[in-house]
Amino acid sequence: MFAYIRSEKSAMHLILLAAVLAWSIRIGSFLLIRIRKTGKDSRFDGMREDFFKFLRFWVLQGVSVFVVLLSSLLAWNAEGRISILSWAGLMLFVAGLLTEATADLEKFKFSSNKANAGKWIDVG
């Protein structure tokens, strides 16, 4: 948000902000729904007891989010003209967001079925 506030606030910068927020809401909502249903996050099993393992997990999460966000940060610092490449990138983003949301939904449905407990998801 800070990078957008410091930008020229052009239409391209606003579209980019909307894309970043859409991705954040998608992943945050999915994780919240999953944790409310299961009551825990199995990624943390065996980590909570070891401070350094827990720290490493969160540092790696932070680094991966920064790497993914880096192109957006650079774009917010650049001139905000919309080009054909911008539209192509937006279409690629929308396709990726829809693919991720569909995959999350299918995995959630699969995991919610008690008959699939411990099974590898190979459908959908």
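Me: Buried means under 20% relative accessible area. Which residues of α2 are called buried in this model?
Reply: The model is a predicted one. In α2, the buried residues are M12, H13, L16, L17, A19, V20, R26 and F30. Their cover includes α1, α3 and α4 (84–112).

Me: Why is R26 called buried?
Reply: R26 has a relative accessibility of 14%. The cut-off for buried is under 20%, so R26 counts as buried.

Me: Where does R26 lie, and what is R26 in contact with?
Reply: R26 lies in helix α2. Apart from neighbours within four places in sequence, its contacts are L97, E100, A101 and D104.

Me: What makes L21, also placed in α2, partly exposed?
Reply: The relative accessibility of L21 is 38%. Buried would need a value under 20% and exposed one over 50%; 38% falls in between, so L21 is partly exposed.

Me: How far is L21 from F110?
Reply: The two residues are 89 apart along the chain, and 27 Å separates their C-alpha atoms.

Me: How do you know that the span of α2 agrees with what its residue count predicts?
Reply: Helix α2, residues 11–38, has 28 residues, and at 1.5 Å a residue these should span 40 Å. The end C-alpha atoms are 40 Å apart, so the two values agree. Just after this helix, G39 has a positive phi of about 85°.

Me: Which residues of α3 are buried, and what do they pack against?
Reply: F57, S72, A75 and W76 are the buried residues of α3. They pack against α1 (2–6) and α2.

Me: Why is V63 called partly exposed?
Reply: V63 is in helix α3, residues 51–77. Its relative accessible area is 46%. Exposed begins over 50% and buried lies under 20%, so V63 is partly exposed.

Technical notes: Residues are numbered from 1 along each chain as its sequence is written. This is a predicted model: local features need pLDDT of at least 70, side-chain atom pairs count only at pLDDT 80 or more; totals for chains, interfaces and linings use all residues. Side-chain values use heavy atoms; hydrogens and water are left out. Helices (H or I, at least four residues) and strands (E, at least two) are DSSP runs, numbered from the N terminus. Buried means under 20% relative accessible area, exposed over 50%, partly exposed in between (1.4 Å probe, protein chains only). Contact means heavy atoms within 4.5 Å. The expected span of a helix is 1.5 Å times one less than its number of residues.
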